[in-house]
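Please keep the sequence and the structure in view while reading.

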Amino acid sequence: MSLLQKRRVLESFERARATKARKHRDSLPTWCPGCGHFTPLQGLYEAMETLKIPVKDFVLVSGIGCSGRFPFFVRGFGLHALHGRAIPVATGVKLANPDLQVVVVGGDGDGVGIGGGHLPHAARSNFDITYLLLDNAIYGLTKGQTSPTSPMGMVSGTSPYGNISKPLNASTLALAYGATFVARVFSQERDQVTEMITKAIAHKGFSFLHVLSPCVEFHKTVTYESVKEEVCLLPADYNANDRAEALVLAESAEPVYTGLFLEEKSPSYHERVAEITSKF
Amino acid sequence: MLQAEDEIAASGAVLGAGFAGKRAMTSTSGPGLSLMSEMINMGVMSEIPMVIANVQRGGPSTGLPTKVEQSDLNIALYGGAGDSPRIVMAASSNRECYTGIQLAFDLAEKYQTPVIFLSDLFLGQRTVINTIERKIDRNRSTRVVPTNGDLRVYNRFQDTETGVSPWLIPGEEGALYSVTGLEHSETGNPNFAADVHLKMTDKRFRKFEAMKADLPTPRVFGDEDADIGLTCWGSPVGAVFEGMEIARETGVKSKMITSIMINPQPEEFFQAFFDSCRKIIIPEMNHQGQYAALMKSRYLIRPVEMHFPGVKQVSPRQVADKIIEVHHELTAEAASA
Ligand SMILES: Cc1ncc(C[n+]2csc(CCOP(=O)(O)OP(=O)(O)O)c2C)c(N)n1
Ligand code: SF4
Ligand SMILES: [Mg+2]
């Protein structure tokens with residue numbers, strides 16, 4: 001690491017320190033300076049503080065990837081699970097002890113690539129867990145391969161002539177699968193990220209937060225600058241209570257909307273189980 | 001009960017529940033076990049108890065979903081990446097399914113490691129009437145709970161004499177930790193240093209030595225003074241015993257040793273049994289002789305193997321014929337000596 005890079009890391013930590021949330025930090029993040037994943041980490045610290053979640057009841061489950069390293073950076077219990085398998089593991093934790101506050105973190109490769117088959121089921125069952133999908137449209141940890149959310153034409157080691165498969169839109173998927181809370185945020189917008197993480201954790205049921213979180217080390221085309229050009233806040237009068245409308249807005253590419261697409265009240269999996277067990 | 005979307009998710013939920021300190025199990029057959037192997041490996045690495053029942057069918061692949069075979073022993077013992085020890089148990093009767101699964105949970109929780117519990121189609125589709133000797137106690141726990149001393153500087157993977165670390169569960173006061181499928185130090189933080197890997201691998205295997213104190217004594221049937229010994233596992237135990245009886249009616253004596261424990265095994269009993277035999281016969285329902293291979297490497301014996309792959313099933317008559325044939329060979333050897 002160059003001196004300049006080291007200074008940037010330290011600076012980003014000074015910022016983190018300065019906030020009320022510093023007591024939630026565990027070991028130092030190992031990410032590249034400027035990585036998009038720092039903002040949701042910071043947002044999570046702040047959300048934990050705002051929501052007064054006791055650390056002993058906080059379980060962070062992650063997949064594999066740069067994003068998957070989250071649990072080591074947060075004070076609480078951590079389960080660094082397998083690539084693509086954070087969601088089913090988290091449902092097991094929640095089933096075993098519903099009093100635990102369970103947050104899942106994973107990357108785009110992890111969540112909609114290898115583990116894409118689990119998202120629909122956690123969403124439709126409305127497990128009371130929060131899922132932070134850190135989407136950098138690339139496999140960061142393994143040094144920059146094309147992912148299921150990479151734009152068409154993206155050149156990488158696994159698509160040397162340009163990606164010829166269409167990218168998946170994680171927000172649209174979560175909406176289509178029936179998640180009861182779906183929002184999209186941009187990593188550069190710290191307040192937005194923190195606010196949405198707090199809301200998502202407070203939500204009863206399956207909450208899905210799609211974080212546009214650039215990989216500064218490997219992505220040549222999806223960058224802070226490119227994402228900034230594309231994004232736009234949802235219209236101020238938008239109500240976030242109509243799934244069909246949410247789908248249209250989430251699908252939009254020009255602009256790419258950020259904000260809360262949908263928030264719906266519906267009994268969580270655990271509440272439904274309790275309803276059954278109360279009959280015996 | 002949770003109906004998961006696939007076997008990866010089912011084993012994942014068991015792992016998650018185990019992490020949260022609850023006894024959890026899942027069951028599958030054949031190809032499902034292949035899908036679970038990565039999660040089982042994670043259970044080994046992150047020292048989380050899991051109980052996985054595999055009701056064996058014929059294989060490989062989708063195989064023979066409605067036929068019996070004992071060909072999943074190898075994947076149960078060895079399936080998965082790395083030096084990955086796991087407890088493997090095999091019930092030989094429906095009663096043993098009931099009592100054995102309780103032992104499986106006790107071992108899994110005490111030693112913080114996955115158990116693969118093998119049954120097969122014969123046991124899985126059989127209805128029997130049994131008296132219940134030990135009711136299932138849902139609050140039972142064999143967890144090694146951390147003491148206040150342990151909590152002063154709590155290391156989730158503290159290296160102890162037995163290899164078993166005191167285990168604090170999320171939601172309990174006293175310490176916080178993360179677990180990972182990556183190699184890690186005693187704290188639980190990822191660590192790829194060579195000495196750490198050596199030490200932690202040794203710890204994971206040492207638990208299996210300590211476990212030997214908790215294993216049930218193997219069952220031995222037949223004539224103690226017989227020269228011919230048999231060993232087998234799982235549902236064919238009954239058929240093999242019947243074969244021994246048929247041979248006995250013709251005046252040929254034999255004896256059998258069997259245990260619900262495949263790995264680890266109460267080895268001194270098996271070794272003493274084999275030492276007392278002049279010939280050993282191992283019948284099993286697969287093509288390769290998977291159990292025989294294990295017995296050969298573990299006890300350095302040279303058994304007569306009987307393989308009944310797939311649909312063929314172990315027949316008492318064939319076992320009896322083999323016992324009688326071996327008896328004649330031994331008699332001829334003795335005469336020519
Ligand atoms: C079963 C399995 N396959 C492949 C890998 C290798 N691998 C590790 S991380 C990763 C991709 C990570 O990309 P993403 O989920 O987008 O996370 P990011 O690093 O971008 O945050 C891959 C393919 C693995 N660990 N396990
Ligand atoms: S490789 Fe990319 S995703 Fe990984 S830490 Fe660096 S910037 Fe972040
Ligand atoms: Mg990624």
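At 5% relative accessibility, A:Ala137 counts as buried, because the cut-off for that class is under 20% relative accessible area. The model in which this value was computed is a predicted one. The backbone of A:Ala137 also deserves attention: its phi is near 60 degrees, a positive value in a residue other than glycine. Along chain A, A:Ala137 lies in the loop that runs from strand 4 (130-135) to helix 6 (170-176).

B:Glu47 is not a glycine, yet its phi is about 55 degrees. This residue belongs to the loop between helix 2 (31-45) and strand 2 (50-56) of chain B. Is B:Glu47 buried or exposed? With a relative accessibility of 0%, B:Glu47 counts as buried, since the value falls under the 20% limit.

The peptide bonds themselves are the next topic. In chain A, the bond joining A:Glu254 and A:Pro255 is cis, with omega about 0 degrees. A:Pro255 is placed in the loop that links helix 9 (243-251) with strand 8 (256-263) of chain A.

Which residues of chain B are joined by a cis peptide bond? They are B:Asn263 and B:Pro264, and omega of this bond is about -5 degrees. Here the proline, B:Pro264, sits in the loop between strand 9 (261-263) and helix 9 (267-275) of chain B.

How values were computed
Residues are numbered from 1 along each chain as its sequence is written. Chains are lettered from A and ligands numbered from 1 in the order in which they are written. This is a predicted model: local features need pLDDT of at least 70, side-chain atom pairs count only at pLDDT 80 or more; totals for chains, interfaces and linings use all residues. Side-chain values use heavy atoms; hydrogens and water are left out. Helices (H or I, at least four residues) and strands (E, at least two) are DSSP runs, numbered from the N terminus. Buried means under 20% relative accessible area, exposed over 50%, partly exposed in between (1.4 Å probe, protein chains only).
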